[in-house]
Amino acid sequence: MTHGQAAAPVDRQTGSATQDQITAEIIASHAEQERAERASTDGREPPLTTLDFAPYRSSILRHPTKNPKLVDPETIELYSPAFGERDVAPIEADLTAQHNGEPQGEKITVSGRLLDTRGRPIPSQLIEIWQANASGRYIHQRDQHPAPLDPHFTGAGRAITGASGEYSFTTIKPGPYPWRNHQNAWRPAHIHFSVFGRAFTQRLVTQMYFPGDPLFALDPIYNSIRNQADRDRLLSRYDHDANVPEVSRALLFDIVVDGPDSTWFEDAS
Ligand SMILES: [Fe+2]
């Protein structure tokens, strides 16, 4: 569905709506969702299942309009990921060590576990992250907002989950950045996550957020997730005791791949 960047041509021009108009649309959409959920619980209407979210403008054009195509699981297995564990070096999990100098910004560690619905760890899967730098700038030709690139920060890393499903990245806290959904549109700071491996037939993609961000209520992408519990599960948690003293602060972010407490994943088509 999205990486929050100005990726598609429709995103290249700033939308005409003001933040107040977008916020009103978000509130109205959530009210409609709640009304539909109540009606569905009463059995009066089928549940609301649309994947488009009007305040998030490009989702109107990009959301799936057809049911997923059913495929033979044995056929799919022929195309399952075939990366080797030796292909991913431990240093790739340290985004602050990919160049000859230290990147600007607050150094953080982002750690967690990859779990199934019963809390069992999922080892040996590929976790990839990508993010803006401390100034909110991606190394991407379409990202032209006037914040500085950091010659010491690429903003991409990957790791293989360990025997307990654990992973850990060392990186820089990304800055919020403007995008062109509407006037004065800013994304809350976030890190994009992808989970992929032999345990999955589909790549799972989501975004991790930082607690207490004042942009949450204003952001159409965050608010395209309809249930607050699903949004809350995308928040990392600050763990003071896990800090590396004098070096970095620690954030925890577990990823649950299925079940009622699953992490919310973007449409990965
Ligand atoms: Fe992003």
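Reader: What makes strand 7 and strand 8 a pair in this predicted model?

Author: Two strands pair if DSSP finds at least two bridges between them. Strand 7, residues 190-196, and strand 8 are joined by six bridges, in the antiparallel sense, so they count as a pair. Within this pairing, isoleucine 191 stands opposite methionine 208 of strand 8.

Reader: Which strands make up the sheet, and in what order?

Author: Four strands form an open sheet in the order 3-2-7-8, with antiparallel pairing. From one strand to the next, the twist averages 20°.

Reader: Why are strand 3 and strand 8 said to stand at the edges?

Author: Strand 3 (156-160) and strand 8 (204-209) each have a single partner strand, so one side of each is left without a neighbour in the sheet.

Reader: How do you know that strand 2 pairs with strand 3 and with strand 7?

Author: The cut-off is again at least two bridges. Strand 2 has five bridges to strand 3 and five to strand 7, so both pairings qualify. Both are antiparallel. Tryptophan 130 has alanine 156 in strand 3 as its bridge partner, while glutamate 128 stands opposite serine 194 in strand 7.

Reader: Why is strand 2 called mostly covered?

Author: A residue is buried if 20 or more other C-beta atoms lie within 10 Å of its own. Four of the five residues of strand 2 are buried, therefore the strand is called mostly covered.

Reader: What makes a set of residues a nonpolar core, and which residues have the most contacts inside the largest one?

Author: The members must be buried, be of the nonpolar kinds counted, and be joined through C-beta atoms within 7 Å. The largest core has 30 residues, and those with the most contacts inside it include Val110, Leu114, Phe169 and Phe193. Among the strands that each supply at least two of its residues are strand 1 (107-115), strand 2 (126-130) and strand 4 (166-172). A second, separate core of five residues includes Tyr138 and Trp179.

Reader: What is phenylalanine 169 in contact with, leaving aside its neighbours within four places in sequence?

Author: Its contacts include Ala93, Leu95, Val110, Ile129 and Ala159.

Reader: How confident is the predictor in the chain?

Author: On a scale from 0 to 100, the chain averages a pLDDT of 87, and 86% of the residues score at least 70. Over residues 1-11 the pLDDT is below 50, although this stretch has 27 contacts in the model beyond near neighbours in sequence.

Methods: Residues numbered from 1 in each chain as written. Predicted model: local features only at pLDDT ≥ 70, side-chain atom pairs only at ≥ 80, totals over all residues. Contact = placed C-beta atoms within 7 Å. Axes fitted to C-alpha atoms, helices over the stretch in contact; angles between N-to-C directions. Buried ≥ 20, exposed ≤ 12 C-beta atoms within 10 Å, placed from the backbone.
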